[in-house]
Each structure stands twice: as C-alpha cells, then as structure tokens.
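Good morning, colleagues. I shall speak briefly about a helix pair and a sheet.

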Amino acid sequence: MLLIYGDPEKFAALPADVRDNWHGEYMEFTQTIAKSGELVAGDALQGIDTATTVSVEGGATLTTDGPFAETKETLGGFYIVDVPDLDRALVLAAQIPDARSGKVEVRPVLDVGDM
Amino acid sequence: MASPERERFEQLVRASSGRLLAALIANLGDIDLAQDSLADAFLAAAQRWPRDGYPDDPDAWLYTVARRRALDHIRRESTRAGREQATLAIDAEVRADRRVETEDTLRSGVEDHRLRLVFTCCHPALPLDARVALTLRTLGGLTTGEIARAFLVPETTMAQRLTRAKRKIRVAGIPYRIPTATELPERIAAVLQVVYLIFNEGYLASDGDSPIRRDLADEAIRLGRLLQELMPGAPEVEGLLALMLLHHSRRDARFDGDGDLIPLERQDRARWHHAEIAEGAALVEQALRRGAPGPFQLQAAIAALSATAPTFAETDWPQMVLLYTELHRRSPSPVVELNRAVAVAYARGPDAGLMLLDELDRRGVLTTHLLPAARAELLARLSRAEEARDAYDAALQLATQPAERRFLEHRRAALDGDQLQGRS
C-alpha cells in the first residue's frame, strides 16, 4: 500500500504550471499502473478540514473534529498495488507526484497467512 | 574429535559457511531457515565425517543435507498450519525443486548468491544498525553474541535487531536480487557505507580494552575483498578496499604503550605495514585509472599520499590540497573542509590554514572537538600560546573518546613546556 502524505506548504511553493498539471500527472500515473496490471485500488481523499476522528472509551463513543494528529504532512490518498517486491513498490512510490512535495509511505498489506 | 581433526573441520566450517549460507538463502528464500538448516548440516557432518571419512565434495554434501532438512521442516510446518501456510510451503518447495541440480547451483551461482545477499542485507529500507548487524551475521559469519559484544549492546538487543530486520525482509518483500542498472550506483554506495561503518567501528575502537572491536576492521577488510571479488572493476569498491588497507596499515603505530593516540606526524613509519600500503596504493591507482573517481577513491588517494611519503614533512602537500579540494567538490562536508585547511597550513603556512579554519568556525557548521583541536595546533605553531590554550580547552569540552582526550591534554601541557623553555 502506498500512503500519500501531502505537504500543503511545499505544494503551494511549487511553480503554478506544475500545480495546474498535478491532477493530470496523477491521472497519467494511475493509467500507467492500471495498464501494467499493478493497480489494485486507489483513491484521493478530501482535505483534513473534512476529517472526523472517532474513538471508543469505556463503551462511550468520542467524536472529535479534525484528523487524529495535527501534522505538517497529511494523508491525502492511497494506492494499493500488486508488485513482486519492495524495490518495485519503491520505484512506483517515487513516481507519485506528491513524493516530490510530500512523502509516500510504503507498507505491505497484512496477509493473514503471515500472522 | 581429535584436535587436528577438529582443526580441519573448523577450518572447513569457516571456509564454507558464507558460500553455503548464501546459496541456501537463495534456494529457500528465508534467512532463518537457511541458518538453522545449515547449522543442522554442520552438526550432522561433525558426527558422521570423523567416523565415515570426509566426502569427496564437502560443500555439496553439506548443501544437500541442509536443503533436505529445510524441506523436511517446511513439510512439518505445512501439515501443522492452515492452508495458507501450506501454499507458502509448496511455493518454497517448487522454488527449491526448480534448482534441484544442487551441485550445479552451488558451483555456478555461488558468487551471484552472495552478491544478491549483500544487496539484501544492505537494503536502504532497513535501519542502518540492522544492515550492519545482518551483514556481519550472514556474510561475515559472526555469531549474534560476537556482534553484540563488538557494538557494546546486550546479546538480546542484538538478537531482536536481527529478528526485526529478517522479519522486515520477509514481510515487506525486500528482494533478493542484484539491483537494476539505474538503482545500482545508489545501492552500491549503500553497501560500501555499511562496510566502511564496520571498519570505523573497529578502527576507532582504540581504548585497547576490547580486541573484538578491533577485529571488526579485519572483518571489514575481508568484506571489502569479497565485494571486490563479486564486483570486479567497480572503482569505488576498489577505492574503499584501498582506503581500509591504507588506514589499517598504521594500526601498530597509532597508539603508544599507554594506549595514547600518536598523531600521524609522530608515528614511527617503520612500524607501518608496508606490504599493505603497497597493495592499497596500487589498488587506488588502478581504480583512478578507470576514470570514474568517487569519494572513496579520493580518500584512498589522500591516505596513499600520506602513507607513501618518506617523512611527514616530505608529504606532497600541494597535491594533498588538490585532492581535498576535489573531494570537497564531490562530497562536501565540514570535516573535509577542515582537513583541507590543515593541508593548506602545511602547503602554504599556518596563517593560510588558520584563516580557513576561522571561516569554518564562523559558519558554525562543525561542532565537534576536531575544529578547536585543529585551530589549537596551528595557533601553537604560530606561537600564539594563549589562544592555543583556549582552543585546547574548547576541544576538551567537546572530546569524549578517552584516547583523544588524553592526546589533547598532552598537547595543552606541552604548550606550557614550550613556553617555559621559551622563557628560560
């Protein structure tokens, strides 16, 4: 799983033409990995101003506005890819536009057989 | 086992285990399983060979037995665990059977297996301390206990570190292969970094109270030779090996009887290992002729220049300045700048060197004891004793290594001696 953490400050500092084509770059990347058969799933998320965080303490549900942690980089989307090894996943992660202005975390999906 | 017999056997274990382990990991795709089954095979050999005689091809015997043990283990696990596990086990078995021609696998692929293992152990997705430990464990053949002692951590901590690393290799899918051409330069650099770190752990372990740490320098040189064998003609690999040989050649001259550090200029050059210097110098020359200089080659060239000069004063300082300038251009760092300033001081006089050091000081980018220590030396040479004393004090506030602290204290005390002599 490729977890995409964007940094709004760094993104805003990018040249205007790069920002304008951001969506196009994502479309292109998605199409490439769809064509190669590596794409399993992927989506972009709405901004953190729309986030709600839930926890259950002593049976009571606690609902708070906002993301669970206030950080500079926030989770903005994800891809699930089917690749033979970590190196391939790292190559794909580096192609995600936000890798240039934010960070992409690569995590294997838990296989029940590994438990 | 009788003692000559035991010696013969132990020698064989040392010689074979690295090769066999790499081949088994390649075959089984599981470091733990490979290590356990190889240990089983050695145990079986220790019982059988003295009784029945040594086989014609001990490696092939050990490999076959180890592989059979591993497959038995996989089968046992798969009957115990659920279907998911069984599928995994079958995969492993199919993988293993595809290379059933055991002897051929062992012969033709063995260097390739070890090289792949190098890249797995030094993968940047692993934390640096785990890369170091894994490399020593799987390629260096050190035990977990030995590695723990060398890095001054409890054995349980080191065992956990290794377990976590092996788990990440398995679960995150860190591949067991030679990186592609585009990845290769970065990944070779990562491997060299690990080996150099191992070397420095040993080289800087100067207190003399832990010989196992000094053994790490030998171990790193062995790894360097292995890399050279596995990647012939790679200039930075040659550069690193040359650098380690050249540094290590001075090991018997770097400390006095009390374990105190002797600076390069006062070392007894007769105590240097000149065959190693010759090998290192020839190696770096060979590397540089390939026309792709890199940081390790340049550092080795610098070390060679020092090591081949008849005396410290006769070192080719202008050439030294050029090499440091080039090194700084390629991999800029405050420590390189500092060393360049010292070379400038010898080439053009202490004033010129001091100017560069003061400039470095103003930028505040180097916060170790090295900077005030170097300033102190130059100030002392300019007979600015008061300022030199202040600089030694500043260095002593930052230095932590006992031998280095004693060295600085001696230098500060010598300052008083010089002054007394000057007054009388």
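Which residues in α6(B) meet which residues in α8(B)? This is a predicted model, in which local features need pLDDT of at least 70, side-chain atom pairs count only at pLDDT 80 or more, and totals for chains, interfaces and linings use all residues. Residues are numbered from 1 along each chain as its sequence is written, while chains are lettered from A and ligands numbered from 1 in the order in which they are written.

On the α6(B) side, the residues are D129(B), A130(B), A133(B), L134(B) and R137(B); they meet M158(B), R161(B), L162(B), R164(B) and A165(B) in α8(B). Contact requires C-beta atoms, placed from the backbone, to lie within 7 Å. Helices (H or I, at least four residues) and strands (E, at least two) are DSSP runs, numbered from the N terminus.

The axes of α6 (residues 128–138) and α8 (residues 155–172) of chain B come within 9 Å and cross at roughly 95 degrees. Axes are lines fitted to C-alpha atoms, for helices over the stretch in contact, with angles running from 0 to 180 degrees between N-to-C directions. α6(B) is therefore roughly perpendicular to α8(B), a term covering 65 to 115 degrees.

I turn to chain A. Strand β1 (residues 2–6) of chain A pairs with β6(A) over four bridges, and I4(A) has V104(A) as its bridge partner.

Definitions and conventions
Angles under 35 degrees count as roughly parallel, over 145 as roughly antiparallel, 65 to 115 as roughly perpendicular and the rest as oblique. Two residues are in contact if their C-beta atoms, placed from the backbone, lie within 7 Å. Two strands pair if DSSP finds at least two bridges between them.
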